[in-house]
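Dear colleague,

I am passing on the structure below, and I would be glad if you could look through it before reading the notes that follow.

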Amino acid sequence: MTQSTLILLVRHGETPTTGTVLPGRAPGLHLSERGRTQAEAVAERLAGLPVDALYSSPLERARETAEPTAARTGRTVTEEAGLLECDFGDWTGAALAGLAGLPEWQTVQHNPSAFRFPNGEGFSGMQARMVGTLEDLRAAHHGGVVVCFSHADPIKAAVAHALGTHLDLFQRIMISPASVSVISYADGQAPAVLTVNSMSEPLSGLRAP
Ligand SMILES: O=C(O)[C@@H](CO)OP(=O)(O)O
């Protein structure tokens with residue numbers, strides 16, 4: 001039987017500015033109280049899954065989301081720069097309401113594959129980075145269960161890639177704070193997306209097809 005590798009993609013929990021500011025890679029943004037509760041809930045939902053490894057974006061909000069899962073599983077969290085938020089360049093820290101009025105916002109929404117943030121990363125580059133990182137983690141933990149704590153846009157791009165959906169449509173995929181999305185990889189087969197943006201149910205029963 002082919003051995004599947006499960007990759008769980010967890011977006012960090014809420015911060016005081018989630019949904020209002022584009023935080024990007026700016027340091028010093030921590031989970032809100034609600035975000036910490038969400039992080040605890042993620043750990044609870046993963047209980048019973050035979051987790052082999054935990055990886056996190058180096059940013060505080062992702063690391064803090066991983067902490068309860070690390071405590072529960074007894075696994076250490078390895079920082080992985082490939083799971084970082086997109087580098088939003090000059091847009092880092094900007095209010096989303098203001099950005100939404102810019103003409104470039106239409107490209108971000110409807111033709112993201114053609115968009116590069118001023119002095120930052122392009123969505124295509126971000127997707128290639130994220131997909132390459134997940135390939136490396138799959139190779140390192142073949143047949144295992146790997147939990148990755150990351151950010152909305154990189155997770156959306158990874159899910160789109162696994163679905164065979166063009167990057168230009170990736171904004172249609174919702175990835176909420178503290179949500180879990182799961183991709184199963186088996187050698188020689190197309191990836192199987194087991195769940196996207198899962199917010200509440202226990203995940204211990206996840207099985208590759
Ligand atoms: O600002 C946001 O909404 C997203 C964009 O990817 O970032 P993060 O998941 O880091 O909150």
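This is a predicted model: local features need pLDDT of at least 70, side-chain atom pairs count only at pLDDT 80 or more; totals for chains, interfaces and linings use all residues.

The largest pocket is lined by 27 residues, and R11, L22, A152, D153 and K156 are the ones nearest its centre. Among the elements, α4 (103-110) and α6 (152-163) each give two or more residues to this lining. A pocket here is an open set of points on a 1 Å grid over the protein atoms alone, where a 1.4 Å probe fits, with protein on both sides within 12 Å along at least five of seven lines, and lining residues have an atom within 4 Å of a point.

Residues are numbered from 1 along each chain as its sequence is written, and side-chain values use heavy atoms, with hydrogens and water left out.

Turning to strand β4 (residues 145-150), six of its six residues are buried, meaning under 20% relative accessible area with a 1.4 Å probe and protein chains only. V145, V147 and F149 lie on one side of β4, with V146, C148 and S150 on the other. Strands are DSSP runs of E with at least two residues, helices runs of H or I with at least four, numbered from the N terminus.

Two strands pair if DSSP finds at least two bridges between them. Strand β1 (residues 4-11) pairs with β4 in the parallel sense over six bridges, and L9 has C148 as its bridge partner in β4. Strand β2 (residues 53-56) also pairs with β4 in the parallel sense, over four bridges, with V147 as the partner of L54.

Best wishes

How values were computed
Buried means under 20% relative accessible area, exposed over 50%, partly exposed in between (1.4 Å probe, protein chains only).
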